[in-house]
Amino acid sequence: MTDRSSVSRRASSSTLVKFGLTAAVSALALGVAFHAGAQEATTAASAPADDNTVVIVKGVRASITKSLSNKRRATQVVESVVAEDIGKLPDNNVVEALQRVTGVQVTNRSAGEVGTVTIRGLPDVATTWNGRNVFTASGQSFALADIPSNLVRQIDVYKTRSSDQLETGLAGQIDVKTLRPFDFKGAEISIAARGIYLEPADTFNPNISLLASNRWSTSHGDFGALIDLSYAKTKYRDESVTPGALVPFLTEDDVPAGWVPLERIFNTDARASEALIWQPGQLMGLSSEPGSTLNINGTPYKYYLSRDAIFQSDLLGERERPAANIALQWQPNADAIYTFEAMYAGYRNTTYNSLLFSFVDWWGNPGAVTTFPGTNILKTRVVNNVYGFNSGDLTTNATDSYVYALNGKWNIGDKLTLTGDLAYQSSVFHSEFTAQRIDRVANQITVDFNDHDGIAAFSFDDNSLLTDPTQWNVAQFYDNANRNEGSATTAQLDGVYSPDHWGPVVKLSFGGRADVRRASEANRGQNSYLGRNLATMPEGWQFVNSDFFDGYSDVPRSWMEANGYYMRDHIDEVRELYHSVDPNFKTTDQLSLFKNFEVNESTQSLYVMADTDNQLFGNRLRGQFGLRYVTVDTDMTFYDQATATQASASKHADRLMPSVTLRYDFTDQFDMRFNYGETLRRPNFGDLNPNHMLTDDLTGVGYGTATGGNPDLEPTHAKNIDLTAEWYFTRDSAVYGTLFHREIDGLVVPLLHIETIANTTANTDKFLINTPVNASDGTLDGYELGLTYFPKNLPGLLDGFGLQASITGLRSSQNVPYTDAAGNIIGELKNSFFAVSDFSYNVTLAYQRGPVGARLSYVWRKEFLNNNEASLFANPLGVWRNPESSLDFQLNYDINDKMSVSIDAVNLTDEKMQPYYAFGSAGGPETDDFGTLINGRQFAIGFRWKY
């Protein structure tokens with residue numbers, strides 16, 4: 001059923017590449033062991049910068065060694081990614097640039113890029129721009145993927161924090177630094193252009209940037225001005241095939257009276273005397289042992305476990321990211337400097353998702369089945385007269401984020417320095433979603449839920465009917481939109497005092513921060529049913545995709561949908577059509593967004609911090625001791641769309657948080673650090689809204705879904721301990737390791753319960769409601785080991801090779817309560833944190849010789865628990881991801897001092913994303929696979945010119 005030759009070729013290619021990389025890494029690792037003891041100090045590519053100067057480094061080696069220099073000088077545990085040249089990071093955006101940083105794991109690669117970053121397994125990251133807290137719309141953090149790498153000169157990842165830094169972000173802080181005119185000695189102009197080819201979409205995409213900067217000396221001081229512009233456009237394609245969830249079915253020959261062979265067994269049934277035949281959402285799922293039984297009317301009957309559906313998604317997208325950074329600087333004298341900065345980050349994304357969905361259970365007339373050996377889980381099945389639907393879903397998203405800031409720095413005498421910063425930011429996210437369903441009853445479907453390598457295969461008796469409009473009925477139309485807004489005004493004053501005779505205290509830092517934050521969310525939604533044959537609809541209503549999943553599995557390559565682009569361009573006509581059959585469906589002039597909530601939050605913080613010298617313990621021990629006090633007042637107003645009422649709530653929180661860092665220098669090359677600090681995670685504003693957001697029963701399970709917030713949520717609090725050791729055996733080479741421990745109290749987790757809500761516009765009055773609560777505590781322990789090594793005096797062309805590598809081990813545990821249908825807590829799970837791999841590593845082979853610079857990097861992370869399945873089904877509760885990896889390559893050649901060209905490749909081994917169901921010993925990727933997403937490869941060619 002599968003084009004196995006192409007699959008085999010891909011597997012062989014992947015194996016060869018990985019083998020070659022492993023051999024190269026092993027060779028260099030042997031070199032480390034042999035040469036490390038004999039290495040002597042070597043000159044770095046550029047001298048370390050002082051605190052007021054940014055050295056623009058060039059080349060792969062200089063970039064890596066500058067990052068190492070930042071790590072060595074920092075008081076906190078910090079990793080840096082430094083641009084090789086003006087705005088030149090080796091990736092498309094900030095998130096992708098971080099995937100090779102020690103302790104950082106990335107996931108959710110789709111739409112041609114990586115979307116999510118975690119630090120030491122935790123996703124809650126404080127995001128700052130030149131030290132200022134930034135966010136997207138009504139969220140608590142900034143969408144880092146929206147920052148093009150062209151604008152960035154350096155990214156700092158703080159794994160520990162001192163008292164003068166933001167208190168938020170359990171995982172750490174990511175500070176994105178952009179360029180300023182005083183970073184240069186004079187005029188600078190840089191132009192960069194890249195063409196990026198995405199294999200699944202089969203298209204080239206532009207990525208361009210322009211930087212212009214200059215500075216002048218006048219009688220009124222030095223002036224500088226800089227503008228940095230960037231634009232990226234990406235057309236992408238995501239293809240996925242997914243089996244549905246596991247549910248029990250009767251067998252062919254063990255059937256109670258009034259039932260039919262292979263009928264689906266719902267957990268409740270009027271024909272059964274049992275109030276509950278089986279319990280959905282069990283941790284381990286129902287038993288998959290052959291011969292397992294369920295009681296029906298007091299008699300045990302054997303059952304099969306099988307998927308209830310099969311579906312595939314062909315998502316076409318077009319994304320644009322315009323961005324700009326402006327900086328003006330004035331230094332009237334040696335004791336004062338003023339900086340004005342403005343940043344704009346835009347995001348435009350249009351996706352059209354062609355969804356083919358078919359039930360493979362009780363909707364039809366069951367046929368032949370087979371099981372996985374040694375289980376009662378169905379591997380293949382045939383179903384006749386089976387219901388299915390296709391859905392053409394069009395989504396348009398737009399984000400506009402602005403930050404404006406004015407900063408002043410003054411030297412007051414020779415002992416006191418003050419820095420003042422005033423910033424305003426605003427961010428708006430708007431989304432429109434329309435979906436048109438068409439449905440039919442197919443004669444027959446044949447499914448293999450794991451045909452090979454965790455990939456499903458299926459076929460209808462006549463796939464050509466999938467593109468015949470006469471076979472399809474025009475059914476539901478969904479018409480939704482939302483708008484999220486956020487703004488903040490922030491004032492901060494920091495001081496550093498250097499006393500003469502305060503014993504061991506050599507520096508006293510102090511300051512305060514006041515922030516006023518506003519956020520709101522609004523939405524609308526409606527749907528209705530038409531009931532006409534697709535062939536009778538206007539010209540342009542139909543859309544047919546092609547070449548889906550080609551070479552990966554035997555599935556339908558094309559099918560018909562309602563054309564989402566036509567719906568968008570003729571939305572007035574579509575709404576009028578549905579209004580004509582359903583007066584409750586609103587036309588364009590009747591639509592408006594309904595505000596769900598608005599939040600006003602005021603935060604004040606004060607800190608004091610003392611740095612001590614190294615007079616103790618043989619002049620080798622230094623310390624930093626701080627306290628930070630933060631108080632937060634949150635005023636909330638919620639609006640209930642169903643009852644047209646509103647309610648208000650207020651919340652106050654305050655906390656005093658200490659931080660301690662001790663550094664002991666055993667030698668000039670070897671030191672150890674101890675750090676203790678505390679951090680917070682504030683609730684998402686959307687999680688505070690108690691009003692229910694209702695969703696229809698979309699797949700006929702008997703109830704819809706709903707989300708409702710909790711205004712009583714408290715901040716999550718973490719206590720963090722780190723112990724690090726670093727050996728800088730040459731100036732641009734080091735070995736380092738870290739042990740760390742996190743204790744986290746008050747994690748927000750969802751509780752589920754069934755509730756009846758009357759008088760709604762939904763197609764049911766029963767809803768499974770998800771409510772967030774502070775009902776979980778957790779611990780996270782781990783280690784990091786890293787190496788940066790540039791051997792000295794390698795022979796011939798080998799001179800210039802270097803190695804950067806790291807491994808991260810994590811062990812996490814949290815208690816997650818679960819409930820019965822009424823919402824009563826009946827137990828709790830003990831499982832790992834979500835999205836945490838126990839083990840991950842990355843290896844980068846770097847090369848810099850003359851005009852040639854290159855990197856070959858490989859990142860890998862172990863399988864991980866991604867989320868828990870909704871408690872509706874009989875499969876194991878956990879949804880896991882198979883191990884994920886990426887092999888990337890970058891090559892840069894300097895034509896001369898002004899021009900260079902580059903070639904880049906991402907995901908050379910064509911890795912896929914594959915989740916599966918598992919909990920404990922139950923489930924696994926062989927029998928409980930849960931889909932395959934094709935990411936594909938991407939290649940880029942670039943040109944840079946500067947003056």
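Student: Why is F585 called buried?

Tutor: F585 has a relative accessible area of 1%, and buried means under 20%, with exposed over 50% and partly exposed in between (1.4 Å probe, protein chains only). F585 therefore counts as buried. This is a predicted model, in which local features need pLDDT of at least 70, side-chain atom pairs count only at pLDDT 80 or more, and totals for chains, interfaces and linings use all residues. Residues are numbered from 1 along each chain as its sequence is written, and side-chain values use heavy atoms, with hydrogens and water left out.

Student: What makes Y578 and F585 a tilted pair?

Tutor: Rings of Phe, Tyr and Trp (its six-membered ring) pair if their centres lie within 6.5 Å; planes under 30 degrees apart count as stacked, over 60 as edge-to-face and the rest as tilted. A search of the whole structure finds 31 aromatic pairs. For Y578 and F585 the centres are 5.7 Å apart and the planes are at 40°, so the pair is tilted. Y578 is buried too, at 0% relative accessible area.

Student: How do you know that the charged end of R120 sits over the ring of F740?

Tutor: The rule asks for NZ of Lys or CZ of Arg within 6 Å of the ring centre and within 35 degrees of the ring normal. The charged end of R120 is 4.1 Å from the ring centre of F740 and is listed as sitting over that ring.
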